[in-house]
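Open the model in your viewer and keep the selection tool at hand. We will go from stop to stop, and at each one you will hear what to select and what is there.

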Amino acid sequence: MIGSTSAIDRVFHYTLAKQTGGISPAALALCYMDWALHLSMAPGTRLQLGWKFFTDTLALQRYALATLTSGDLSAGDCPPPAKADRRFSHEDWQRYPFNVIQQSFLVWENLWDAATKNVHGVSKEHEQAVNFLARQMLDMVAPSNFIATNPELLDKTVREGGFNLLRGALNLAEDKQRDAAGLPPAGVEEFKVGKTLAVTPGKVVARTRLMELIQYSPTTAKVHPNPVLIVPAWIMKYYILDLSAQNSLIKYMVDQGFTVFAISWKNPDESYADTGMDDYRRFGILEALKAISQIVPERKVHALGYCLGGTLLSIAAAAMARDGDDRLKSLTLLAAQTDFSQPGELELFVNESQLAFLEDMMEERGYLSSAQMAGAFQLLRSNDLIWSHMIHDYMLGERTSMMDLMAWNADPTRMPARMHSEYLRDIFMGNQLAEGRYHVDGRSIALRDITAPIFVVGTETDHVAPWRSVYQINVLSDTDVTFVLTSGGHNAGIVSEPGRKHRHYRIATSRHDTPYVGPETWFRTNTPKDGSWWPEWARWLRAGSNEAVQPPKTGAPKAGYPALCDAPGTYVFE
């Protein structure tokens with residue numbers, strides 16, 4: 001009886017999840033009730049909010065009257081929109097009455113921001129969630145989203161006699177048809193994996209049920225003796241680091257004289273439902289290192305992990321250090337968290353109620369779909385990824401130009417149910433890795449056991465792995481850590497090739513025997529440098545290398561690692 005009722009619950013949650021985009025209504029209700037009940041019992045806070053609304057409304061009225069009568073847009077004391085708020089960046093927003101419409105919205109936005117913060121007694125997690133939800137609802141009704149209240153849209157519609165709306169309707173119809181047919185967004189067809197993307201020459205030299213290992217062909221007469229292994233996140237196709245020829249980190253490192261290997265993860269289906277975190281460690285990283293040790297024998301490896309691949313690599317490196325395995329010469333972590341005590345806004349989507357909802361969804365499917373993950377990431381930047389797209393493509397009637405990074409983003413992967421549940425419960429929510437409670441092969445591991453030097457990259461506007469959270473590796477490790485903070489976000493900050501304009505980074509090394517420096521102090525005391533962080537990483541790797549040697553042969557057929565096929569392999573097309 002108990003089993004049947006559990007099955008009914010799972011089916012109900014799965015059906016409900018398809019209507020809510022995978023968001024648990026119970027989780028949202030708990031957040032709202034916590035906030036609403038505590039606000040109802042805080043008369044002083046309500047009085048303060050009422051006074052703020054009164055004074056802000058008076059200021060808005062003075063501003064509207066002054067700009068109407070004098071035309072002075074600087075009159076009154078209404079605050080301007082934030083510089084990062086691109087919704088109101090067009091110059092026409094400074095025209096009457098659109099300047100007043102804009103300021104009216106900002107008054108409400110500031111009021112709701114104040115109302116959902118610092119309510120005494122509300123838990124931090126619920127406060128952040130309610131504040132986030134308030135922002136989402138306000139973003140939905142922003143005046144920039146409607147023709148009548150957006151001067152740019154209004155002028156274009158009048159000037160073109162509404163043909164922009166006709167083009168937008170056609171764009172919307174095409175997108176809906178593509179979505180229903182399971183096709184990628186318009187323009188992606190211009191980017192082909194193996195033809196315009198992921199074209200760095202190489203061979204697949206090893207294959208397991210979870211990954212293909214690619215060895216890239218050398219382009220220099222001699223190479224640095226220690227090879228580089230790249231471990232991408234299993235929620236993304238590896239070729240984000242091998243996009244077009246001009247912005248491929250893999251090609252750049254090959255041209256710098258490094259022997260580069262990269263893991264290309266399998267895109268799992270329902271048959272992988274019981275595949276866990278340790279499977280990815282054993283059949284991914286450890287199998288890759290085993291193959292490399294046969295192809296390039298007696299050479300320690302520079303290992304790089306990106307995003308969740310960096311978290312997994314940290315686990316593998318700590319277990320290797322615990323067991324006396326010294327095959328790693330250095331560790332590089334790109335936008336990768338090892339301490340999840342400050343996980344950023346993704347924390348809003350991960351709590352016990354939400355996780356139970358997700359697990360019931362995955363129980364039915366056997367995996368977490370790419371659409372579910374994409375929806376959560378889009379909400380973190382709804383203005384940039386949802387509303388601005390709708391305005392540009394469906395109201396202005398202009399197609400957003402497809403870029404290689406956008407084409408890669410439209411080629412997602414799935415996550416096995418067991419692995420995703422273990423990651424969220426043990427790593428993200430439990431923070432077991434940072435606290436020394438995570439077990440590998442039945443015994444706990446600690447990051448402080450890692451003695452190889454570590455190179456860490458955080459990005460300034462990362463919504464997935466906030467740089468201050470990434471910086472926590474300085475607290476957890478007991479080795480030299482070189483930390484780089486680069487401009488850009490989770491992906492664009494990493495794919496930041498030399499020569500790209502408007503890029504900068506900060507860099508400093510913390511020795512294992514020097515006092516700890518907090519992130520804010522680190523930020524103030526390290527001035528930014530113009531350019532890409534890629535050359536800094538190449539120099540850092542070279543500093544620990546011996547004299548250059550002849551490039552190794554491709555694969556090791558006698559050891560069981562023949563060249564199986566050309567890069568980018570077969571898994572990347574799944």
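A residue is called buried when its relative accessible area is under 20%, exposed when it is over 50%, and partly exposed in between. Keep in mind that this is a predicted model.

**Stop one: a neighbouring pair**

Select Asp323 and Arg322, whose side chains meet in a salt bridge with an N to O distance of 2.8 Å. Asp323 has a relative accessible area of 41%, so Asp323 is partly exposed. Arg322, at 18% relative accessibility, counts as buried. In the model, the salt bridge count comes to 36.

Next, pick Lys266 and Glu574. Their side chains form a salt bridge at 2.9 Å, N to O. This pair links distant parts of the chain, 308 residues apart: Lys266 sits in the loop between strand E4 (260-265) and helix H9 (277-295), and Glu574 in the segment after strand E15 (565-566). Glu574, with a relative accessible area of 36%, is partly exposed.

Then move to Arg167 and Glu160, where a salt bridge spans 3.0 Å from N to O. Arg167 is partly exposed at 31% relative accessibility, and Glu160 is partly exposed at 24%.

**Stop three: a nonpolar patch on the surface**

Switch to a surface view and colour Tyr32, Met33, Leu37 and Met41, which make a nonpolar surface patch of about 480 Å². Tyr32 belongs to helix H2 (residues 25-40). With a relative accessible area of 51%, Tyr32 is exposed.

**Stop four: inside the structure**

How many cavities of 30 Å³ or more does the structure hold? There is one cavity of that kind, and the largest cavity has a volume of about 40 Å³. To find the largest cavity, select its lining: Gln215, Tyr216, Ser217, Pro218, Val254, Phe258, Thr259, Pro551 and Pro552. By class, this lining has six nonpolar and three polar residues, with no charged ones.

Now go to Leu333 in strand E6 (residues 328-334). Leu333 has a relative accessible area of 1%, so Leu333 is buried.

**Stop five: backbone geometry**

Most peptide bonds are trans, and most residues other than glycine have a negative phi.

- Tyr96 and Pro97 are joined by a cis peptide bond, with omega about 5°. Pro97 lies in the loop between helix H3 (43-70) and helix H4 (98-115).
- Ala567 and Pro568 are also joined by a cis peptide bond, with omega about 10°. Pro568 is in the segment after E15.
- Asn118 has a positive phi, near 60°. Asn118 is in the loop between H4 and helix H5 (124-140), and at 67% relative accessibility it counts as exposed.
- Asp441 has a positive phi, near 55°. Asp441 is in the loop between strand E9 (439-440) and strand E10 (443-444), and it counts as exposed at 55% relative accessibility.

Key:
Residues numbered from 1 in each chain as written. Predicted model: local features only at pLDDT ≥ 70, side-chain atom pairs only at ≥ 80, totals over all residues. Heavy atoms only, no water. 1 Å grid on protein atoms, 1.4 Å probe; cavity = no way out; pocket = protein on both sides within 12 Å on 5 of 7 lines; lining within 4 Å. Points joined across faces, edges and corners; volume = space filled by probe spheres on them. Nonpolar A, V, L, I, M, F, W, Y, C, P; charged D, E, K, R; others polar. Patch = residues over 30% accessible without salt bridge, like charges linked within 9 Å, V, L, I, M, F, W, Y side chains within 5 Å. Areas by Shrake-Rupley, 256 points an atom, 1.4 Å probe, with all protein chains shown as cover. Salt bridge = Lys/Arg side-chain N within 4 Å of Asp/Glu carboxyl O. Helix = DSSP H or I, 4+ residues; strand = E, 2+ residues; numbered from the N terminus. Buried < 20%, exposed > 50% of the residue type's maximum accessible area, 1.4 Å probe, protein only.
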